[in-house]
Each structure stands twice: as structure tokens, then as C-alpha cells.
Amino acid sequence: MKNIILAEDHKVIRNGLKMLLESTNQYKIVFEANNGQEVIDAITEGLQADLIVSDIGMPVMDGITMISVLKEKNFQVPVLVISMLEDNSHLYQAVKAGARGFLTKSVDSDELFFAISRIVGGERYICSGLSVKIVDQVIESTVLPGSIIEGAEFSSREIEILQLIGQGLTNIEMADRLFISRRTVEGHRQNLIDKTGAKNTAALMRFAYTKGILN
């Protein structure tokens with residue numbers, strides 16, 4: 001039987017997850033937390049668990065911060081995030097922090113059990129709904145990582161910045177999306193302008209469409 005910590009500030013959801021998991025007779029909920037800080041405190045005090053199932057949005061300490069602290073303190077307990085937030089940005093933040101899996105709260109019980117078994121077994125798991133979106137984005141991208149156009153070489157990051165400019169994102173929004181600083185984004189934008197000889201963003205977009213970087 002695997003021991004699980006539940007971190008969820010909504011008691012109804014937490015109770016539902018507990019009943020569902022323990023109904024299998026394969027999992028035991030050894031600790032219920034209202035926030036990430038309670039999880040950190042419990043593990044620091046010696047609580048042993050095979051898995052942490054956690055929400056993202058919680059008071060005092062959110063799930064992403066909790067995962068980062070666990071990693072910082074070298075606590076070797078895998079974390080499966082279950083969130084109502086279905087956008088890729090939260091998935092990327094969770095995985096970057098150290099989460100081993102990510103599910104949305106719309107998944108069914110079969111996928112939940114499958115994800116837990118994979119993660120407890122040392123693997124990673126992202127719910128099928130988000131996985132399909134990521135694959136679609138890759139398929140829709142027509143630009144290879146790094147391109148050489150008319151003697152000017154573009155890095156994969158510069159191509160990525162160019163595509164995001166084409167989507168109308170600001171420097172701050174691009175920085176948040178790519179987990180880099182605004183100054184770094186500004187540097188990439190200036191490099192693109194220098195390499196293409198464009199005088200402004202409008203000219204840069206014309207270049208990108210003309211050369212097939214954007215479509």
C-alpha cells in the first residue's frame with residue numbers, strides 16, 4: 001500500500017479524493033494539508049510518503065512554491081499536481097519547479113489511477129488533454145529549431161520570440177511565457193531587428209511573413 005499526502009484547501013474536493021483513492025485499498029492518505037507550508041512542515045518533522053497529490057492555488061504557500069521548496073530541501077517525494085487551471089503556462093511552471101505529473105480536475109478516475117501508478121513507479125505523466133494540445137502546437141509549428149535565411153542565422157529562441165511577437169504578445173508576456181527576464185526578451189528582439197535590418201516591429205513582421213517564418 002502506498003502512502004499519499006493530499007494538499008488541497010477545498011475540503012469537499014480533498015474528501016472526495018481521499019475516498020476515491022482509499023476505495024482501491026492500494027493507497028492510504030497519511031496526511032491532509034490545507035496548503036503547501038503544512039506539507040513542508042510535516043515532511044520536515046519526519047512524515048514518510050510515497051507521493052504528494054497537490055493543488056496549485058492554495059493560501060499561505062501555493063503548490064508551485066511547495067514543489068520548489070521540496071526540491072530545494074532535497075525531499076525525495078514525487079508530486080502530482082491536480083489543478084482546475086488547464087493552460088499550458090501552469091503546466092510548464094509546475095514541471096519546471098519539479099512536479100512529476102500534472103492532471104486537470106476534469107480527468108476521470110481511471111486516468112488519475114494510471115497517473116499515480118506511473119509516477120510512483122518513477123515515471124512522469126501529463127494528462128491526455130494537455131498532451132494533445134502540446135502535440136498540436138508542435139505539429140502547427142512550421143519552423144525548425146534555428147533557421148538560416150539569406151545568410152542570417154536565427155537561434156531557436158529568436159524564432160520563438162518572433163512567433164510570439166506575431167501573436168501580439170508584449171515583452172512582459174513573452175518573458176512570463178518563456179520563463180526568462182524582460183531584458184532577455186528585449187535583447188532577442190533587438191538581435192532580430194539587427195539581423196533582419198528591420199526599422200521597427202511592423203517591418204520585422206513583414207520580413208517574417210515574407211520569408212515564411214510566420215504564416
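## Second largest pocket

The second largest pocket is lined by 15 residues, and Lys71, Phe75, Gln76, Val77 and Gly98 are those nearest its centre. On a 1 Å grid over the protein atoms alone, a pocket is an open set of points where a 1.4 Å probe fits, with protein on both sides within 12 Å along at least five of seven lines; lining residues have an atom within 4 Å of a point. α3 and α4 (88-97) are the elements that give two or more residues to this lining, and α3 supplies the largest share, three residues. Helices are DSSP runs of H or I with at least four residues, strands are runs of E with at least two, and both are numbered from the N terminus.

The space in this pocket is about 210 Å³, a volume being the space filled by probe spheres set on grid points joined across faces, edges and corners. By class, the lining comprises nine nonpolar, three polar and three charged residues. Here Ala, Val, Leu, Ile, Met, Phe, Trp, Tyr, Cys and Pro count as nonpolar, Asp, Glu, Lys and Arg as charged, and the others, Gly among them, as polar.

## Basis of the values

The model is predicted: local features need pLDDT of at least 70 and side-chain atom pairs count only at pLDDT 80 or more, whereas totals for chains, interfaces and linings use all residues. Residues are numbered from 1 along each chain as its sequence is written, and side-chain values use heavy atoms, with hydrogens and water left out.

## The parallel sheet

Six strands form an open sheet in the order β2-β1-β3-β4-β5-β6, with parallel pairing; two strands pair if DSSP finds at least two bridges between them. β2 and β6 (125-126) stand at the edges with a single partner strand each, so one side of each has no neighbour in the sheet.

Strand β3 (residues 51-54) directs Leu51 and Val53 one way and Ile52 and Ser54 the other, all of them buried (under 20% relative accessible area, 1.4 Å probe, protein chains only). Four bridges link β3 to β1 (residues 2-7), with Leu51 as the bridge partner of Ile4. Three bridges join β3 to β4 (residues 79-83); Ile52 is partnered by Val79, and Ser54 by Val81.

## Asn35

Asn35 occupies the loop between β2 (27-33) and α2 (36-44) and is buried, at 7% relative accessible area. Its side chain reaches the backbone nitrogen of Gln37 at 3.0 Å. A polar atom of the Asn35 side chain also lies 3.0 Å from the backbone nitrogen of Glu38.

Conventions. Buried < 20%, exposed > 50% of the residue type's maximum accessible area, 1.4 Å probe, protein only. Polar contact = N/O pair within 3.5 Å; in protein donor to acceptor, adjacent residues only side chain to side chain.
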